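Welcome, and thanks for taking a look at this one.

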Amino acid sequence: MSHSVDGMIDAILEREGGFVDHPNDRGGPTNFGITQATLSGYLGKPVTRQKVKDLNVDLARDIYETQYYLAPRINNLPEPIQPFVFDCSINHGPRRAIRFVQSVCNDAGFGPLIVDGVIGPATRLAANSALAKMGDWFLAALVEERRNFYDAIVRNDPSQEVFLRGWMRRADEFDPPEIRQVMGEIT
């Protein structure tokens with residue numbers, strides 16, 4: 001998995017695919033994973049379903065880089081977790097993605113951090129310390145936090161179960177292979 005922003009965006013675009021307007025998707029019509037609300041916010045004016053459908057990939061890339069990577073300062077996190085946090089930022093919003101990091105850091109004893117979804121000096125320091133001490137287990141814990149979040153979504157709104165399998169596959173893509181192998185041997 002590439003850790004350059006362009007490589008991460010390539011992977012996200014592959015995961016997100018093209019235009020979708022699923023009746024149970026609370027985000028409404030999306031193209032390349034960009035929702036109608038996101039496109040409206042980025043352009044500073046309301047957009048139609050057709051405008052979402054006509055979205056070009058270059059604009060989607062720009063939205064991803066500026067709104068979901070640079071603005072929330074994901075580029076300031078340790079490089080090995082950036083692809084995961086960036087993907088979460090797009091899928092759940094930047095604040096939720098950063099809360100995953102803050103919660104895992106707190107749970108692993110690298111806090112206390114305020115779980116506010118903002119990357120500041122304390123979050124950066126805690127994430128770097130967690131990665132240095134935990135290695136791949138830090139990323140594995142982040143992936144597990146995301147799985148738990150998906151489960152909670154479905155518990156709170158059973159109509160979302162139609163998406164659960166795909167969401168879990170998406171989370172699994174980030175599980176470190178070495179950890180997966182160890183866990184497979186344990187179970």
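Predicted model: local features only at pLDDT ≥ 70, side-chain atom pairs only at ≥ 80, totals over all residues.

**Helix 1 and what follows**

**Helix 1**

- The 12 residues of helix 1 should span 16 Å at 1.5 Å a residue, and this agrees with its end C-alpha atoms, which are 16 Å apart.
- Buried residues in helix 1 are Val-5, Gly-7, Met-8, Ile-9, Ile-12, Leu-13 and Glu-16.
- These buried residues pack against helix 4 (57-70), helix 5 and helix 9.

**The largest pocket**

- The largest pocket holds about 880 Å³ of space.
- Its lining has 30 residues, and those closest to the pocket centre are Glu-16, Asp-25, Asn-91, Trp-167 and Arg-170.
- Two or more lining residues come from each of helix 1 (5-16), helix 5 (82-92), helix 8 (136-156) and helix 9 (161-172).
- Helix 9 gives the largest share of that lining, with 7 residues.
- By residue class, the lining of the largest pocket divides into 9 nonpolar, 12 polar and 9 charged.

**The largest nonpolar core**

- In soluble globular proteins, nonpolar side chains tend to be buried together.
- In this model the largest nonpolar core has 48 residues, of which Tyr-64, Ile-81, Phe-86, Val-101, Phe-138 and Leu-142 touch the most other members.
- Helix 1, helix 4, helix 5, helix 6 (94-107), helix 7, helix 8 and helix 9 each give two or more residues to this core.
- The largest share of the core, 7 residues, is from helix 8.
- Setting aside neighbours within four places in sequence, Ile-81 is in contact with Val-101, Ala-127, Phe-138, Leu-139 and Leu-142.

- Thr-30 sits in strand 1 (residues 30-31).
- With a relative accessible area of 11%, Thr-30 is buried, because the cut-off for buried is under 20%.
- Beyond its neighbours within four places in sequence, Thr-30 is in contact with Gly-18, Phe-19, Val-20, Asp-25, Thr-35 and Val-52.
- Phe-32 lies in the loop between strand 1 and strand 2 (34-35).
- The phi of Phe-32 is positive, near 60°, in a residue other than glycine.
- Phe-32 has 18% relative accessibility and therefore counts as buried.

- Arg-73, in the loop between helix 4 and helix 5, has a positive phi of about 65° although it is not a glycine.
- A relative accessible area of 34% makes Arg-73 partly exposed.
- The peptide bond from Gly-111 to Pro-112 is cis, with omega near 10°, and Pro-112 belongs to the loop between helix 6 and helix 7.
- Pro-121 is in helix 7 (residues 121-134), and its relative accessible area of 61% makes it exposed.
- From C-alpha to C-alpha, Pro-121 and Ile-98 are 13 Å apart in space, and they are 23 residues apart in sequence.

Note on methods:
Residues numbered from 1 in each chain as written. Heavy atoms only, no water. Helix = DSSP H or I, 4+ residues; strand = E, 2+ residues; numbered from the N terminus. Buried < 20%, exposed > 50% of the residue type's maximum accessible area, 1.4 Å probe, protein only. 1 Å grid on protein atoms, 1.4 Å probe; cavity = no way out; pocket = protein on both sides within 12 Å on 5 of 7 lines; lining within 4 Å. Points joined across faces, edges and corners; volume = space filled by probe spheres on them. Nonpolar A, V, L, I, M, F, W, Y, C, P; charged D, E, K, R; others polar. Expected span 1.5 Å × (residues − 1). Contact = heavy atoms within 4.5 Å. Core = buried A, V, L, I, M, F, W, Y, C linked by side-chain atoms within 4.5 Å.
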